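Please load the model in your viewer and keep the selection tool at hand. We will go from stop to stop together.

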Amino acid sequence: MAWYMEAGMQPNTFGDWAELEGERSRLQDWQLSLLKEWHSGGEPNEILNVLKSILTEFIKAHKGICEKVGCEEDPEWVEKFFGMVL
């Protein structure tokens, strides 16, 4: 949803999740490719590896959204947030 917000699209509208991937997706090809890479099974190590991969894109999207809405970016918040998970 952060990618939607960064692109100026309203997130969480009816049907977003149904159209996240596939022909009707509003995401770019590189984003769809990352979503496929981020798939994991139920193994804890797999899940952690996916979360680590998502972190880079989350940081970029967070920065872009902060700039778009005119709020101060807080990298320490992002580190603290992911630090609780990873």
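Here is a short tour of charged and neighbouring residues.

This is a predicted model, in which local features need pLDDT of at least 70 and side-chain atom pairs count only at pLDDT 80 or more, while totals for chains, interfaces and linings use all residues. Residues are numbered from 1 along each chain as its sequence is written, and side-chain values use heavy atoms, with hydrogens and water left out.

Start by selecting E57 and K60. They form a salt bridge, with the closest N and O atoms 2.9 Å apart; the term means a side-chain nitrogen of Lys or Arg within 4 Å of a carboxyl oxygen of Asp or Glu. The structure holds one salt bridge. Both residues sit in helix 3 (residues 44–69), three residues apart, or about one turn of the helix. Helices are DSSP runs of H or I with at least four residues, numbered from the N terminus.

Now colour by accessibility. Buried means under 20% relative accessible area, exposed over 50%, and partly exposed in between (1.4 Å probe, protein chains only). E57 is buried because its relative accessible area is 11%, whereas K60 counts as partly exposed at 48%.

Stay in helix 3 and select H62. H62 counts as buried, at 16% relative accessibility. Which residues does H62 contact, leaving aside neighbours within four places in sequence? They are E73, D74, W77 and V78, where contact means heavy atoms within 4.5 Å.

Finish with E76, found in helix 4 (residues 75–85). E76 is exposed, with a relative accessible area of 64%.

Note on methods:
Helix = DSSP H or I, 4+ residues; strand = E, 2+ residues; numbered from the N terminus.
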